[in-house]
Amino acid sequence: MLKDNFNRVHDYLRISLTDKCNLRCSYCNPVDLPRGYFTNTTKMSSEEIDIIAGVFVQLGVKKIRLTGGEPLVRKDAKEIIQRLSKYPVELVITTNGVFVHEFIESFQQAGIHSVNVSLDTLKRKKNLSITRRDEFDRIKQNIDLLLKNNFHVKINTVIMKGVNEAEIPDFVGWTKDQPVHVRFIEFMPFAGNQWSNEKVFSHSAMLELISSKYGFIKLPSEKHDTAKKYFVPGHKGTFATISTMSQPFCGSCNRMRLTTDGKMKNCLFSNNEVDILGALRSGLDIVPLIRQCVWNKKEGLGGQLSPAYEKIDATKLENRSMINIGG
Ligand code: SAM
């Protein structure tokens, strides 16, 4: 079992398969990162991912999420999915949806039942301006394909004030006839993503906006939920908020991250990384490193962010960009 200094048990690992992505969302993949930011990255091979994941499973991990970058652009993504399917864990994936049609069978064979698809707008033109790639129709088709094949589909929607907050009620409207589970994520600060507290549209602002159009009921929370879940009576799907900035949920955090270059992060916002891949390649036992990394986890927000998000100076944060961490 992996416990930290605050008695939190960690049993959920998020593995970044790559820091490359076929989309260019500026909040995740900033255009103005210094030259060379992504070069010389030594990636974990499929075999190394398998070995490291196996060690985490022995240490009590019960859930593994594959992410990135865009996990499905990795050439050996199918092999990795298949390798990890042998572990007694809930295997899930977060994707931008563009290549999902090529992976339906692979997901099914691996026992993946739940897929998170990121989509920040229901408007084709706006999607092009956010992602800088014209893939809206393909993403929508692939969401329909997942639903047709009975996957549990969560939609990740990053809400940025002045960009897409007005569409929140439309997303809730989408849950009427389709069993989609939309999660409105508060905009978070990472390297180069031009975050400012004024661009955060908070959990309470979201609920207020939704209540102007819909009556809704809170769903019960599970222990490690990051999402506060709701449903509109009569709707097939649900909606949720992920209030990292305005109401952080660090007290029940069970998450650990492995970047594509094999560094372990005990928190999305931590500026400490432990080189698991380097140790594995040197023939060292990675178990003590993993245990120590979990133990060192700070009480909240990586020890870097103020819980009062209005006070955060994003220029002072030491972290990678989201695409380079693995969301
Ligand atoms: N490429 C995949 C995708 O698009 O879902 C997986 C990686 S992406 C980094 C994972 C999630 O992080 C996406 O839902 C994305 O919207 C979210 N994300 C990225 N940057 C963010 C930010 N600054 N604030 C909040 N969420 C962010």
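Me: Buried means under 20% relative accessible area, exposed over 50% and partly exposed in between, with a 1.4 Å probe and protein chains only. On that basis, how many residues of β1 are buried?

Reply: Five of the five, so β1 is largely enclosed by the rest of the structure. Some ground rules: this is a predicted model, in which local features need pLDDT of at least 70 and side-chain atom pairs count only at pLDDT 80 or more, while totals for chains, interfaces and linings use all residues. Residues are numbered from 1 along each chain as its sequence is written, and side-chain values use heavy atoms, with hydrogens and water left out.

Me: And what counts as a strand or helix?

Reply: DSSP runs, numbered from the N terminus: helices are H or I with at least four residues, strands are E with at least two.

Me: Which residues of β1 point which way?

Reply: Tyr12, Arg14 and Ser16 point one way, Leu13 and Ile15 the other, and all are buried. In a regular strand the side chains alternate between the two faces of the sheet.

Me: What does β1 pair with? Start with β2.

Reply: β1 and β2 run parallel and are joined by five bridges; two strands pair if DSSP finds at least two bridges between them. Arg14 has Arg65 as its bridge partner in β2. β10 also runs parallel to β1, with four bridges between them, and there the partner of Arg14 is Arg257.

Me: What's the strand order in the whole sheet?

Reply: β7-β8-β9-β6-β5-β4-β3-β2-β1-β10-β11-β12, which is an open sheet of twelve strands with mixed pairing. β7 (217–218) and β12 (274–275) stand at the edges with a single partner strand each, so one side of each has no neighbour in the sheet.

Me: OK, helices. What does α1 lie across?

Reply: β1, β2, β10 (255–258) and β11 (263–265), and α1 runs at about 170 degrees to β1. Axes are lines fitted to C-alpha atoms, for helices over the stretch in contact, and angles run from 0 to 180 degrees between N-to-C directions.

Me: Changing topic. How many aromatic pairs are there?

Reply: Nine. Rings of Phe, Tyr and Trp (its six-membered ring) pair if their centres lie within 6.5 Å; planes under 30 degrees apart count as stacked, over 60 as edge-to-face and the rest as tilted. One of the pairs is Phe184 with Phe239, whose ring centres are 6.4 Å apart and whose planes are at 50 degrees, so that pair is tilted. Phe184 is in β6 (residues 180–186) and Phe239 in β9 (residues 238–242), 55 residues apart. Phe184 is buried at 0% relative accessible area, and Phe239 at 1%.

Me: What about Phe190 and Phe269?

Reply: Stacked, because the centres are 5.5 Å apart and the planes at 15 degrees. Phe190 lies in the loop between β6 and α7 (203–211) and Phe269 in the loop between β11 and β12, so the pair ties together parts that are 79 residues apart in sequence. Both are buried.

Me: Which residues form the aromatic cluster?

Reply: Phe171, Trp174, Phe184, Phe216, Tyr230 and Phe239 form one. Lys140 lies over the face of Trp174, 5.1 Å from the ring centre, and Lys218 over that of Tyr230, at 5.5 Å. A charge sits over a ring if NZ of Lys or CZ of Arg is within 6 Å of the ring centre and within 35 degrees of the ring normal.

Me: Last one, backbone. What is phi at Asn7?

Reply: Positive, about 70 degrees, although Asn7 is not a glycine. Asn7 lies in the segment before β1 and is exposed at 54% relative accessible area.

Technical notes: Contact means heavy atoms within 4.5 Å.
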